[in-house]
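Hi everyone, thanks for making time today. I'd like to walk you through one model, so let me put it up on the screen.

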Amino acid sequence: MRASFDSILRKLRHRLSGADGFGLIELIIAMFLLTVAVSAMLSLYVGTAASMQRAGAKGTALTLAEKQMETYRTVPFTAICVDSATIPTGGDRYVTGHAADATIPASTGQAIGGSNGDTGCPSSASYTITGPDHRSYRVDTYVEYVGTDATFSHLTPASGLGLKRVTVITRDGAGGIIARASSTFVRSS
């Protein structure tokens, strides 16, 4: 038995000492390493492309929110309101958004045109626009009377109130919030 084991061991050493097939093994190992490196580079590329798309969408959404806010900065205090005819109803995200996110005002109790001394409104409460990136964005605007306390708490609309907060929320096509802007406006004497 010892002799057969020595014979097998000798044959194995002879086979391993030869160079037959060694180049093929080296080639397979090199191709495996190259595949791993290319896969890593490809996943990096895909991740970077996705990140750049998200950043582009966020930049567009923020620009749309600031553009809407700028509309309100150019009108008198009494025109800082929303048109009640353009406020969505039912289960729309404009109406239900405040239930899940406390930073979104309620759709009711807003400063609306034609009441409490507020005049015509410069913009719709909610509209959809196609951005320069050919994506659809929804711009929701909330205008509420707020108190002068530290938290700017919501006040029931009434004549003579002197502080309004405009909140603009930009959503993607699926309804997710991408950007938001908020500003407070004071009635000038």
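Let's begin with aromatics: there is one aromatic pair in this structure. By pair I mean rings of Phe, Tyr or Trp (its six-membered ring) with centres within 6.5 Å, where planes under 30 degrees apart count as stacked, over 60 as edge-to-face and the rest as tilted. Here the partners are Tyr94 and Tyr142, and their ring centres are 4.3 Å apart with planes at 10°, so this pair is stacked. Helices (H or I, at least four residues) and strands (E, at least two) are DSSP runs, numbered from the N terminus.

A quick word on provenance. This is a predicted model, in which local features need pLDDT of at least 70 and side-chain atom pairs pLDDT 80 or more, while totals for chains, interfaces and linings use all residues. Residues are numbered from 1 along each chain as its sequence is written, and side-chain values use heavy atoms, leaving out hydrogens and water.

Back to the two tyrosines: are they buried or exposed? Tyr94 is buried, at 0% relative accessibility, and Tyr142 is buried at 0% as well. The cut-offs are under 20% relative accessible area for buried, over 50% for exposed and partly exposed in between, with a 1.4 Å probe and protein chains only.

Now the sheet. Four strands form an open sheet in the order S1-S2-S3-S4, with antiparallel pairing; two strands pair if DSSP finds at least two bridges between them. At the edges are S1 (126-130) and S4 (177-186), each pairing on one side only. Five bridges join S1 to S2, residues 136-145, and Thr128 stands opposite Arg138 in S2.

Where does H3 go? Helix H3, residues 93-100, lies across S1, S2 and S3 (163-171), at about 70° to S2. Axes are lines fitted to C-alpha atoms, for helices over the stretch in contact (heavy atoms within 4.5 Å), and angles run from 0 to 180 degrees between N-to-C directions.

One last stop, the loop between H3 and S1, where we find Gly120. This glycine is exposed, with a relative accessible area of 54%. Leaving aside residues up to four places away in sequence, Gly120 touches Ala79 and Cys81. Gly120 and Ile80 are 40 residues apart in sequence, yet their C-alpha atoms are 8.4 Å apart in space.
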